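I am opening a notebook on this model. My entries follow the order in which I looked things up.

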Amino acid sequence: MKTVTHAIAAAALIAVTAGSPSTGQAGSVENMERERAILLETYLAPDMTAEDRHSKANLSRRQLMDMERIVLRDKSLVGRNTPAVRRVFANYDRSFLVHAAMEKDLTILDHWLQQVGVSQESVMNATRRRR
Amino acid sequence: MTIQRTTPIFVAAALTFSVMALAGTDTLAASPAWNPSVTEKLVKLPQEYLKKSLDRDFRRSPLADAIQNTEEEISLKLQTLGDLRNAAEQADDELRTELRHQLLAEKRQYLNLVKSRQDLKRKHLEKRRRVYKRILGKVLRKKQNETPEQVELVKQQQSAHARFQRTVEAVDMKVFATTVAPQSRYATDYAKNLSAANALLKAISSHPANTRQADTSPADKADYLRRLVADTDAELALVQQEQEIVGYMAKLVSLNAIALSEEIAEDAEEDVAEYEQDASPITSALNYFIQ
């Protein structure tokens with residue numbers, strides 16, 4: 001009986017330890033990046049009405065927020081040294097756009113523009129010239 | 001009578017040589033074995049289960065059976081030694097000599113048993129140390145395989161996670177304040193699962209087995225393995241010391257055997273002298289001449 005109990009405990013433990021590294025979300029980073037690209041595209045699309053832009057951006061923002069959380073909670077990404085994962089964690093503010101923007105009390109677009117180096121001042125100071 | 005007395009002398013002499021040779025011989029010709037393999041599964045096991053797993057594997061091995069059998073034989077032999085000593089103290093003359101001789105023979109067998117147990121124990125400990133060192137080597141190799149880039153990535157991930165944890169509640173509050181739409185399915189299901197996971201984590205942290213492990217386990221697996229190697233080395237040193245003690249015991253038994261053989265030889269010489277004295281025709285005839 002004791003041996004059986006030990007065997008069960010060991011089997012459970014092995015199942016847990018062997019299973020844990022592979023239980024992550026496959027492609028969670030790629031999904032998040034895709035969703036972020038869609039959101040930014042929505043903000044920047046010139047041929048969209050304000051109403052459409054607002055509803056689409058709202059939907060996309062909620063989805064992106066979930067995806068950011070999935071990536072941040074994904075334990076299978078810890079130490080996974082791939083270019084995509086390295087890029088994501090190299091810059092929190094650019095990668096986790098929704099969370100970083102809310103943290104700084106900015107809109108997502110303002111935050112993103114700030115991150116890529118475009119400010120209201122720099123736009124106002126810009127001059128139109130021929131190259 | 002003479003033959004009966006000379007037999008113990010030869011036996012005692014033989015005993016002396018065999019006991020003196022005891023310390024130097026290796027009595028593990030076809031000895032039982034324990035062959036644990038350092039599998040990837042063993043390397044991956046959490047540190048608190050690693051030793052238990054090895055212990056369990058060892059308990060099932062022929063080597064463990066042999067050690068246990070030898071220990072049982074040793075305890076029986078100790079009883080025999082006690083009985084023989086009591087009997088020898090109460091006996092007289094030839095029976096006493098015979099019992100003393102038997103006691104010496106039993107002591108020799110006892111020392112043989114102790115030595116074979118020590119050999120088996122040393123074999124077990126050396127094998128165990130080798131296994132620990134191999135696991136330690138694998139663990140260290142895994143650690144060394146981490147490139148600086150990977151270490152940097154892990155740091156970034158940790159800081160990202162910490163920042164997320166720090167701000168997640170505030171973000172949730174802002175989302176709740178600015179959005180009229182209900183929470184996403186992921187968010188609601190995650191919250192449900194999180195409360196279940198927290199309950200389980202609480203149960204795990206308060207589990208007596210878990211607290212017992214946490215008390216004794218060092219943080220790093222490599223450190224834990226190094227400690228196990230050191231413990232095994234300490235046990236091996238103790239076995240070495242026990243071997244020295246057995247050597248002293250063997251020497252004492254051989255001295256006893258020499259003393260017994262000399263005692264028997266002296267008794268025999270006295271008897272022969274008396275007999276010769278009795279049988280001397282000149283001395284026996286003296287009375288006839290001395291008037």
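How many helices and strands does chain A have? I counted eight helices and zero strands in chain A of this predicted model. Read along the sequence, I get α-α-α-α-α-α-α-α for chain A.

**Entry: chain A overall.** I noted that chain A has 131 residues, of which 26% count as buried. I then took the contacts in chain A with a separation of 6 or more; residues 24 or more positions apart account for 61% of them.

**Entry: confidence.** I looked up the scores for the complex and found an ipTM of 0.75 and a pTM of 0.53 from the predictor. For chain B I read an average pLDDT of 80, with 78% of the residues scoring at least 70. Where in chain B is confidence lowest, and where is it highest? It is lowest in helix α1 (residues 2-22) of chain B, at a mean of 50, and highest in α4(B), at 92. I also marked residues 23-29 of chain B, where pLDDT stays under 50. For this stretch the model has six contacts beyond four places in sequence.

**Entry: α4(B).** I checked the length of helix α4 (residues 62-90) of chain B. Its 29 residues should span 42 Å at 1.5 Å a residue, and the end C-alpha atoms are 42 Å apart, so the two values agree. In α4(B) I found Leu63(B), Ala66(B) and Ile67(B) buried. Residues three or four places apart on an α-helix point the same way, because the helix has 3.6 residues a turn. The buried residues of α4(B) pack against α5 (93-144) of chain B.

**Entry: cores.** I looked for the largest nonpolar core and got one of 25 residues. Val71(A), Leu97(A) and Val98(A) have the most contacts inside this core. Which elements give two or more residues to it? From chain A they are α2 (28-44), α3 (50-73), α4 (83-90), α6 (97-103) and α7 (108-115), and from chain B α6 (148-178). α3(A) provides the largest share of this core, six residues.

**Entry: where the chains touch.** I found 24 residues of chain B in contact with 19 residues of chain A. On the side of chain B that touches chain A, the elements giving two or more residues are α2 (40-44), α3 (47-59), α6 and α7 (185-206) of chain B. The largest share of that side, 14 residues, comes from α6(B). I sorted the residues of that side by type and got eleven nonpolar, seven polar and six charged.

**Entry: α6(B).** I went back to this helix for its geometry. α6(B) has 31 residues and reaches 42 Å from its first C-alpha to its last, close to the 45 Å expected at 1.5 Å a residue. Where does α6(B) bend? I located a bend of about 45° at Thr167(B). Buried in α6(B) are Leu153(B), Gln157(B), Ala160(B) and Phe164(B). I traced what the buried residues of α6(B) pack against, and noted α3, α4, α5 (92-95) and α6 of chain A.

Conventions
Residues are numbered from 1 along each chain as its sequence is written. Chains are lettered from A and ligands numbered from 1 in the order in which they are written. This is a predicted model: local features need pLDDT of at least 70, side-chain atom pairs count only at pLDDT 80 or more; totals for chains, interfaces and linings use all residues. Helices (H or I, at least four residues) and strands (E, at least two) are DSSP runs, numbered from the N terminus. The expected span of a helix is 1.5 Å times one less than its number of residues. A residue is buried if 20 or more other C-beta atoms lie within 10 Å of its own, exposed if 12 or fewer, and partly exposed in between; C-beta atoms are placed from the backbone. Two residues are in contact if their C-beta atoms, placed from the backbone, lie within 7 Å. A nonpolar core is a set of buried Ala, Val, Leu, Ile, Met, Phe, Trp, Tyr and Cys residues joined through C-beta atoms within 7 Å. Ala, Val, Leu, Ile, Met, Phe, Trp, Tyr, Cys and Pro count as nonpolar, Asp, Glu, Lys and Arg as charged, and the others, Gly among them, as polar. pLDDT is the predictor's confidence in each residue, from 0 to 100. The bend at a residue is the angle between axes fitted to the seven residues ending there and the seven starting there.
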